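Work through the exercises below with the sequence and the 3D structure at hand. Try each task before reading its solution.

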Amino acid sequence: MVKQWFVLHTLTGQENKAQKSIEARVKLEHMEDYIGRCVIPTERVTEKKNGVKRVITKKFFPGYVLAELALYDESKSADDNGKRAIYERTWQFLRETPGVIGFVGGERPTPLKQSEVDAILLDRPAGASSVERPKVNFSVDETVKITDGAFMGLTGQVSMVDPDKGKLKVEVNIFNRKVQVDAEYWQVEKVAIEETFESLKQ
């Protein structure tokens, strides 16, 4: 069986629960041929808050888990609609996993490219230098560029702002799909009008 990497969407704050459940059930249900590694990409970063430095562990993709799965049966041809056959054991296993909502990409998701997996798992920075949270106000529908973390360099629109916690949600294109990602104020910067028009042309 050929295993490929997919992105699972989880309930907010239940990434660890989903990961542990998958890893435990794989052994109990002898699913090793269908389910491989399950990863929550994280990094330890140093941030400065109220003049005090602290080291914290941050998730790259809050609400998402990467899983190595044998999802599609490569021995069978696609049907008349171009849909590939899915291993029911894998599909049912994930549906019964607490905290897992589904796949990023729908019921027949596209696997990640190896280059995307390497960028996530291998090119993660070991840490980040201390930065101060900027006193900047953001508004919904404003265009921002992410300057820190796995989504660094991506431009998207603000969909939600939580000024009390200094956090916001940004809609960006990941793996050719629009998804909401969480970011803190200091991880984004406002985009100039010229840059916004350039991004729309691409």
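**Exercise 1. Salt bridges**

Task: State how many salt bridges a search of the whole structure finds, then examine the one between Glu96 and Arg25.

Solution. 
Step 1. The model is a predicted one. A search of the whole structure gives 6 salt bridges.
Step 2. A salt bridge needs a side-chain nitrogen of Lys or Arg within 4 Å of a carboxyl oxygen of Asp or Glu. For Glu96 and Arg25 the N to O distance is 3.6 Å, so the pair meets the cut-off of 4 Å.
Step 3. Locate the partners. Glu96 is in the loop between helix H2 (88-95) and strand S6 (100-103), while Arg25 is in helix H1 (residues 15-28). They are 71 residues apart, and the pair links distant parts of the chain.
Step 4. Classify each partner. Glu96 has a relative accessible area of 48% and is partly exposed. Arg25 has 12% relative accessibility and counts as buried, because buried means under 20%.

**Exercise 2. Two further pairs**

Task: Describe the salt bridge of Arg84 with Glu74 and that of Lys190 with Glu142.

Solution. 
Step 1. The side chains of Arg84 and Glu74 meet at 3.5 Å, N to O. Both residues are in the loop between strand S5 (64-69) and H2, 10 residues apart.
Step 2. Arg84 is partly exposed at a relative accessible area of 31%, and Glu74 is partly exposed at 43%.
Step 3. In the pair of Lys190 and Glu142, the closest N and O atoms are 3.4 Å apart.
Step 4. Lys190 is partly exposed, with 42% relative accessibility, whereas Glu142 is buried, with a relative accessible area of 18%.

**Exercise 3. The faces of a helix**

Task: Find which residues of H2 are buried and decide how they are arranged around the helix axis.

Solution. 
Step 1. Thr90, Trp91, Phe93 and Leu94 are the buried residues of H2.
Step 2. Viewed down the axis of H2, these residues fall within an arc of 165 degrees, so they line one face of the helix.
Step 3. Check the other side of H2: Glu88 and Arg95 are exposed there.
Step 4. Identify the cover. The buried residues of H2 are covered by elements including strand S1 (4-10), H1, strand S2 (35-39), S5 and S6.

**Exercise 4. The surroundings of one residue**

Task: Is Glu15 buried or exposed, and which residues is Glu15 in contact with?

Solution. 
Step 1. Glu15 is part of helix H1. Its relative accessibility is 4%, so it counts as buried.
Step 2. Leave aside the neighbours within four places in sequence. Glu15 is then in contact with Thr10, Ile40, Lys59, Pro62, Gly63, Tyr64 and Val65.
Step 3. Compare sequence and space. Glu15 and Gly99 are 84 residues apart along the chain, and their C-alpha atoms are separated by 7.3 Å.

**Exercise 5. The partners of S1**

Task: Which strands pair with S1 in the antiparallel sense, and how enclosed is S1?

Solution. 
Step 1. Strands of a sheet pair through backbone hydrogen bonds, either parallel or antiparallel.
Step 2. S1 and S5 run antiparallel and are joined by 6 bridges. One example is His9, whose bridge partner in S5 is Tyr64.
Step 3. S1 also pairs with S6, in the antiparallel sense over 3 bridges. Here Leu8 has Phe103 of S6 as its bridge partner.
Step 4. Of the 7 residues of S1, 5 are buried, so the strand is largely enclosed by the rest of the structure.

**Exercise 6. An open sheet**

Task: Give the strand order of the open sheet of 5 strands and name its edge strands.

Solution. 
Step 1. The order is S10-S9-S8-S7-S11, and the pairing is antiparallel.
Step 2. Strand S10 (177-184) and S11 are the edge strands, since each pairs on one side only.
Step 3. From one strand to the next, the twist averages 45 degrees.
Step 4. S7 and strand S8 (residues 155-162) pair over 3 bridges in the antiparallel sense, and Val144 stands opposite Gly156 in S8.

Key. Residues numbered from 1 in each chain as written. Predicted model: local features only at pLDDT ≥ 70, side-chain atom pairs only at ≥ 80, totals over all residues. Heavy atoms only, no water. Helix = DSSP H or I, 4+ residues; strand = E, 2+ residues; numbered from the N terminus. Buried < 20%, exposed > 50% of the residue type's maximum accessible area, 1.4 Å probe, protein only. Arc of directions from axis to C-beta. Contact = heavy atoms within 4.5 Å. Pairing = 2+ DSSP bridges. Axes fitted to C-alpha atoms, helices over the stretch in contact; angles between N-to-C directions.
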